[in-house]
Amino acid sequence: MSEFAGAGAEIGSFYPMPRPDASPPVEEHLPPREWLKKNLFSNVFNSALTVAAGLLIIVMLRGLLGFIFNPLRQWNATAVNLRLLMTHAYPADQYLRVWFSVAAFLILTGLSIAVWRAGSRVPVPDVGKRVTALGVFVTLSALLAPFSGSARLSWLAVAVFLLASGLSVSRTSKDRSVSSLSLLVGVCGLAALSLWVIPYGHHSFVSDRTPKILAEPGTVDLTTKLPWTIMLLIAVAAYGVGLLLRDRIPAKVARTSLVLAWILTPILLLFLVLRDPDFDMGHVLSTDIPIFLVFAVLGSALLFWLTNPETGEVGRIVAVTVLFLAFGSFLMPMRMVIRIFMLLLAIFSLAGPTFSGDRRTRHNYVAIWTGTAVFVSWLITAINTPSTAPVPGQFFLGGFSMTLMVAFFTLLVSFPLGVMLALARTSNMPIFRLLATWFIEFVRGVPLITILIFFSVMVPLFLPDGMDLSEVAAVTIGYALFASAYLAENVRGGIQSVTRGQHEAAEAVGMTTSQKTVFIVLPQALRVAIPPLVGQVIGTFKETSLLIIIGLFDLLFVAKAIIPNQTAFMGSTRENLMVISLIYWVISYSMSKASMRIEKRVGLGEQ
Amino acid sequence: MTAPTNQASSTHEAVSQRVPLWRDAVVVKWTAQVATLVLVLASLWFLATQAGDNLTARNINIGFDFLERPPDIQLSEGIDTHPATGGRALWVGMVNTLRMAIVGIVFATLLGVVVGLARLSNNWLIRRLATIWVETLRNIPLLVQIIFYFSVLAVLPRVDMDTGPINGWLHISNKGLAMPRVFIADGFYQWATVMLVGGLAAHYVRRRRVDLHNESGANTSPVLWSLGTLAVFGMVGLFIHPLFGFIEPIMGAVASLLDSLPILLPQVLLSATAVLLAGRWIREFLAGRRSAVGHLALSDDDYFRIIFTAIAALMAVTVAIYWTGLSSWILNSGSDLFRVIETKFNVDGAARPFDAMRPDIVKPGKFANYGINGLTMTVGFAAVFFGVVFYTSAFIGEIVRGGILAVPKGQTEAASAVGLHRSQSLRHIILPQAIRVILPPLGNQYLNLTKNTSLAIAVGYSDIVQVGQTVYNQTGKTLPVVAIWMLFYLATSLTISVVVNYYNVRMKLVER
């Protein structure tokens, strides 16, 4: 299977010519009566199926709508507790930080959409069809839901409006198409507008002495509708800026810096903005910055020398010496920062010869080292600095933001680890192969929950005296190890799909094994592995729900255990679960759709 | 593998020189590997000593003695709700996990095939329904689904004498679902022996009918014939099963024989098996590496594999000889097994093989609950069951759909050209070919389902993880319990992948 996929991908990149039958079949346009006959009533069995399925749909829809519109349902439980669901106990007076973070993500999203030219043209008749289908659905719901007469009439009016507009759009503008982005912005804009216009009611939680629920008629509170509207405007503006920049900056530079921004932004936001560390400037100036400077200057000189192609053998010996020094630093009493810097420097030195080249390449390499040093130095300082955000409990984030954070760090750690495991498993060095195989098979053989429990209970026991690791960090390590084993298998599929000729060609031009791996094998392997890797991302996102079993306050915990325990919302578990299911669903579904689009764009799966 | 590439860059005159030690690919490779191995072992050792120190500092002792002590816990369901020892409690949890996994696999497969076929149906409505099913279920975390089903089931009416849709026969309440059950009674094992003979007879009849078909070409319906034979044996067995009472003394004799065997026998057998297996593997490996003219070129990797196999065999022999506990355990459990079978056959002639009972409702204290008579599905079981079955069915549906789409269109067309209708071509032409594509990912789904049953902990179904957590909360033996979990799941995963691989190999297209 994977071999074919790899071969297909290669051919696709050289001859971007779709095979005739690879294009989607053109749907024949039948008049409604014949369409019905062909698709629903072609023979007796088919008709029976249609009737049975129709009855099933009616019964299910009736049950679902009866559940949703039952006056006993407490749908405002989630509306009132939206802040709890999103950030758990993050202080309300510091909420500007949260909005700042959301805005940062939206800016990145807008820029990325512009730079990668995401989005496509959608034929207007298709849009019309969707609207018509929505109209049919609303009609059915209006007829089946347990409404009062007047409510039913108003729902029917909406349905008729949708049906009429959908049909008229698909009839009148046959050959026009509309950009999917403008559709998206339009829908979001309508939603934002509705916050200002439609009287959803003003639900809030007054937590001053006696907690009570406030539910007033009118539009939603200004603290909800204003930020969201601004967020939408920011996203659109970012897209506009992206459009302007796209033609002025080389695509490669723009894309690289955006990818870097996507990786660094969450870390910066988490440790700098949301956590708000209370830096001790005296300590920073007297200790952190000098250590950083020493490593930045000396390390840069060393790496500049190592990446010189003429350095030769001595360079390798020096690199190995640095590695030994790094290991040696763990045996001596020393600051942890220095040890980490030594290890990083050793890794950079060992990789140096692989990236050797002309002056420019060497400058870039040194720049990357300096950048990494700045970042690591700052990160270690930030983590070790106490936070000013006064949050009760052990961790300052919770709810959806914790779900996202754990998923992000899991992926960040597991990706390099998984690639390394895959390389080790496919290498011709038996001990590496054995270690990797045992690790992968062991991790894949046990359920995630046992690994998580192991890490949450055992990690404190493994640490030496004086070292401390929060439970969230311990559990994230467990997640990352688990994910890396699965990721390694996906990447391995990709590596094995790289044809032998590619290996031989790389060797023929005199590449070393590591150069071959970095420049020839991995780029092709990862491209083939895109679909399973996106599946992995979705899986990791869904698996973060297991945090509830460890007792951490993720989205599911808030929905299942916190909100239904509030006196006002006793027994609202089902409503909350339905709402968070929707959140999970929207994110997973849009990711899988996006992955399909990427697959098509890079020409995977077309053989 | 390919030749070391470092030499490729050496200059012309260097070719004649000896490669310096630090550029010799084999030396560099092995130094790096041994260094990594040492590093990994050193960090593991470091962690272990740290954990040991911390454990002694906190006065926690790790030992498996809790397995023998009374655990003082009560399980919500299982073969034994008041286990006498910690080990027994974990055993009940294992049985519950396996029960859930097996039932889940069966139903998820059935539902998944239906969903996969529905996704390819001619009927627009069915196709749409299946798509909605798949896209909804696989994009919502399983744990959310399980908790949701649980919270839905928990609001069902309280259990009472008249809460069932069919009172006395079928009850649905917040304690779960109870229905009549057929269970195996004392005479079952004798009857099963009859059925064993019947199975052999049915196999023979089927072979005969197939031969007849091959000779004459007439439709001899072999499957029907063999099923009929089986049915006849089953019916007759209901009356003649006491005839097989003579098996009891035989089993007793085998058990006594196993008791009297020396420990040396399993030791020798195990060692011989290990040595033979390793020898065979090495011989086949060498044969595979030999070129057509018999030239043998081995890389360092190959030498490593051979030496590794030999060392593994040696270690197996050492373990078999020095760990006498293993050999005596094999003998003891063997004789125990036959003793158990002996008691199973020790029944009077009038015992029936099967019995049936209607569900009952008991009220030991304030609250009513189902008794042990009926077949009861507790709410926890139902939540986990629906969760894993629905969730996995979405994935299996996609696998089945992919497998069917992987069958070339020409096959379908050829099938309809020779006059098979849709269901026939599906059964005889498409599914047999699709199964080869379907099986490997299907096996993965079975593994996932089995591991996913561990989420039962969220709704209190007494699977091994939930029982284990209760046990370590009471005894503080986290590490041993986690070790038992992992061993259990590893063994289960291994079993499933062995079974799936077996079928995978059998189903493989035989190529020339």
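The domain assignment, taken from an automatic or database source, divides chain A into domain 1 (1-30 + 73-79 + 395-607), domain 2 (91-278) and domain 3 (279-385). The model is a predicted one, in which local features need pLDDT of at least 70 and side-chain atom pairs count only at pLDDT 80 or more, while totals for chains, interfaces and linings use all residues. Residues are numbered from 1 along each chain as its sequence is written, and chains are lettered from A and ligands numbered from 1 in the order in which they are written.

Domain 2 of chain A and domain 3 of chain A have C-alpha centres 44 Å apart. Five residues from domain 2 of chain A and five residues from domain 3 of chain A make up the contact between them, where two residues are in contact if their C-beta atoms, placed from the backbone, lie within 7 Å. The domain 2 side of this contact has four nonpolar, no polar and one charged residues. In this classification, Ala, Val, Leu, Ile, Met, Phe, Trp, Tyr, Cys and Pro count as nonpolar, Asp, Glu, Lys and Arg as charged, and the others, Gly among them, as polar.

As for chain A in general, its secondary structure comes to 25 helices and four strands. Helices (H or I, at least four residues) and strands (E, at least two) are DSSP runs, numbered from the N terminus. A box of roughly 85 × 70 × 50 Å, taken along the principal axes, holds the C-alpha atoms of the chain. Of its 607 residues, 28% are buried; a residue is buried if 20 or more other C-beta atoms lie within 10 Å of its own, exposed if 12 or fewer, and partly exposed in between, with C-beta atoms placed from the backbone. Among contacts in chain A between residues at least 6 apart in sequence, 77% join residues at least 24 apart.

D276(A) sits in the loop between α11 (251-274) and α12 (281-306) of chain A, and its phi is near 50 degrees, a positive value in a residue other than glycine. D276(A) counts as partly exposed because 16 other C-beta atoms lie within 10 Å. T307(A) belongs to the loop between α12 and α13 (313-329) of chain A, and it is buried because it has 26 C-beta neighbours inside 10 Å. Leaving out residues up to four places away in sequence, T307(A) touches G352(A), F355(A), S356(A), R362(A) and Y365(A).

Chain B is divided into domain 1 (86-141 + 376-507) and domain 2 (189-354), with 28 Å between their centres, taken over C-alpha atoms. Where the chains meet, 51 residues of chain B are in contact with 48 residues of chain A. On the chain B side, α1 (25-57), α3, α4 (142-153), α9 (300-322) and α15 (478-507) each supply at least two residues. Helix α1(B) gives the most, with 10 residues. By class, this side of chain B has 30 nonpolar, 16 polar and five charged residues.

Helix α1(B) has 33 residues and reaches 47 Å from its first C-alpha to its last, close to the 48 Å expected at 1.5 Å a residue, the expected span being 1.5 Å times one less than the number of residues. Just after α1(B), N59(B) takes a positive phi of about 65 degrees. Helix α3(B) (residues 124-138) has 15 residues. Its buried residues are L125(B), I126(B), L129(B), A130(B), V134(B), L137(B) and R138(B). They lie on the same side of α3(B) because they cover an arc of only 165 degrees around the axis, the arc being that of the directions from the helix axis to the C-beta atoms. Their cover includes α3 (44-68) of chain A together with α2 (86-119) and α11 (379-406) of chain B.

A nonpolar core is a set of buried Ala, Val, Leu, Ile, Met, Phe, Trp, Tyr and Cys residues joined through C-beta atoms within 7 Å. The largest has 143 residues, of which I146(B) and V384(B) touch the most other members. Helix α11(B) gives the most to this core, with 15 residues. A second, separate core of 18 residues includes F292(A), L302(A), L306(A) and V366(A).
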